[in-house]
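Consider the exercises below, each of which is followed by a worked solution. Please keep the sequence and the model in view while working through them.

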Amino acid sequence: MVKQRVTIIGSGNWGSAIARVCAQNVIRHPDLFEREVRMWVFQEQIDGRNLTDIINEKHENVKYLPGVNLGDNVVAIPDAKEAARGANVVVFVLPHQFVYKVCENLRSVIDHDCKAISLIKGLDYKNNNLLLFSEEIEKILGVNCAALSGANIASEVADEQFGETTIACKDQKEGEIFLKLFHTDYFDVNVIADMRGLQVCGALKNVVALGAGICDGLHYGNNTKSAVIRRGLVEMRKFGKTFFGGVHTETFFESCGVADLITTCSGGRNRKVAAAFIKSKKTIDEIEKEMLNGQKLQGTTTSQEVYHFLSARNMTQSFPLMTAIYRIIYENAPPESIAFDLRTHKVTVEHE
């Protein structure tokens, strides 16, 4: 087999952390991978210097993952086409609003035998339909695209704290390559076949995390927050089963499912920003700008897309938690409705 050249498209905190993982593994498997890992970096000025120059000199993304050595074999490149030219493996880890523009730009330099993997946690709403980014990348670039998602807070992965992740892949041989590219002693990888289930989990858990943040902003206790998380998992599974064919219940018990949901509802940025939003009189966009150093929330965009998707099908009442979260953030609904709208008012006993 030809040695695989790896390119990372994206360089935020998660992109930088995953570039570090890949940089370690290409050295660990020299018969399979080329040593250099290219990383496309959107050019920014830091104290009058190009961010790419700083990364290539210090081997550190001083803006998005400060204090962490990425490895001297990670090379920052400011031009996406140049970074991806000749790559055999392309790892997409960028905000989902930029996917189409970047992929169209890369189309002319991606070889037909290249393989891609999406680390993008979101869905795309077009013409009243929700689309999976792995499938959209495949359409534009004409290559297979796997997906990776899990309980993966970037700073903890960069610190080599033990955690798990899930890769969904249709091709077994490509799955074996991805396993060697991402699996380490501290980053434990499981490969499954449920592409759709994995990506539904990765998108919707961010919406549920907004709900957890709303609970925190209201100073609700653990009982209420746990109820929101549990109902969120139920709605995630129902959404996947209802609107995406072939989704497996088992996927929701992988790292990409319940584990990622727990992590995101405990310490992720969607939870933190939602909690601050409830305590302030500002819009969610204003809070995002203040707290995230130029990075973007995924949960708010996905919340809007899911709500519009359900509204077009007159199904908002079938997903009361996701509907309540949207209305609290965007329609000034009382934050307390996060709990009120979940009450079932049952008067009968359920039987098997």
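Contact here means heavy atoms within 4.5 Å. Helices (H or I, at least four residues) and strands (E, at least two) are DSSP runs, numbered from the N terminus. Axes are lines fitted to C-alpha atoms, for helices over the stretch in contact, with angles from 0 to 180 degrees between N-to-C directions.

The model is predicted: local features need pLDDT of at least 70, side-chain atom pairs count only at pLDDT 80 or more, and totals for chains, interfaces and linings use all residues. Residues are numbered from 1 along each chain as its sequence is written, and side-chain values use heavy atoms, leaving out hydrogens and water.

**Exercise 1.** Determine the strand order of the open sheet.

Solution. Two strands pair if DSSP finds at least two bridges between them. Step 1: the order of the eight strands is E5-E2-E1-E6-E7-E10-E11-E12, with mixed pairing. Step 2: strands E5 (74-77) and E12 (187-192) are the edges, each pairing on one side only.

**Exercise 2.** Trace the pairing from E1 to E2 and from E2 to E5.

Solution. Step 1: E1 (residues 4-9) runs parallel to E2, joined by five bridges, and Ile8 stands opposite Met39 in E2. Step 2: four bridges join E2 to E5, also in parallel; here Met39 stands opposite Ala76 in E5.

**Exercise 3.** Which strands does helix H5 lie across?

Solution. Step 1: H5 (residues 133-141) lies across E6 (89-92), E7 (115-118) and E10. Step 2: the helix runs at about 155 degrees to E10.
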